[in-house]
Amino acid sequence: MKWSGINWKDVLTPRGLLSIVEGCTEAIKQKAGIENEFVKSAMQYRLDFICAHCDLNTDGQCDPTKTGTVVQDFTYHRSIERKQGELVNGCGCALKCKTANVKEECPLGKWLSAEN
Ligand code: SF4
């Protein structure tokens, strides 16, 4: 997993840390067979149909050293305005954890939070 290029300012916030804990807890529950069908469906759709075919996916990490094009206008993590066509880096997250958190979203807007 690559750590260079990660925007630690976004990660090391109460919301960022809580998001990691929530996502990894859900991913572990899925692995253990304690399944929430909504979380399972969201995770599978995000992981298998979108992230699996994304150039920023490097061995299961949203690669912070790679750049991709934002696909739609949206507010990333409720505070960062992203515009279609803008170039941004991957977030550095482990995709199994990130996709298991229904409140998370793709930094390129390819999939959004269930709260949106
Ligand atoms: S979260 Fe978005 S940018 Fe990252 S690998 Fe998945 S689809 Fe690509």
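**Ground rules.** I worked with a predicted model, where local features need pLDDT of at least 70 and side-chain atom pairs count only at pLDDT 80 or more, while totals for chains, interfaces and linings use all residues. Residue numbers start from 1 along each chain as its sequence is written.

**Fold.** I found four helices and six strands in the protein chain; these are DSSP runs numbered from the N terminus, helices being H or I with at least four residues and strands E with at least two. From the N terminus, I read the order as α-α-α-β-β-β-β-β-β-α. Among contacts in the protein chain with a separation of 6 or more, 63% join residues 24 or more positions apart (contact: C-beta atoms, placed from the backbone, within 7 Å). I noted that 28% of the 116 residues count as buried.

**Ligand.** I listed 13 residues around the ligand, with C51, C54, N57, C62 and C106 coming nearest (near: C-beta atom, placed from the backbone, within 6 Å). By class, the shell holds nine nonpolar residues, three polar and one charged (nonpolar: Ala, Val, Leu, Ile, Met, Phe, Trp, Tyr, Cys, Pro; charged: Asp, Glu, Lys, Arg; polar: the others, Gly among them).

**E104.** I located E104 in the segment after helix 4 (95-100). E104 counts as buried because it has 25 C-beta neighbours inside 10 Å (buried: 20 or more other C-beta atoms within 10 Å of its own; exposed: 12 or fewer; partly exposed: in between; C-beta atoms placed from the backbone). Beyond its neighbours within four places in sequence, E104 contacts S19, G23, K98 and S113. I also recorded 7.8 Å between the C-alpha atoms of E104 and A114, which are ten residues apart along the chain.

Note on methods
Contact = placed C-beta atoms within 7 Å.
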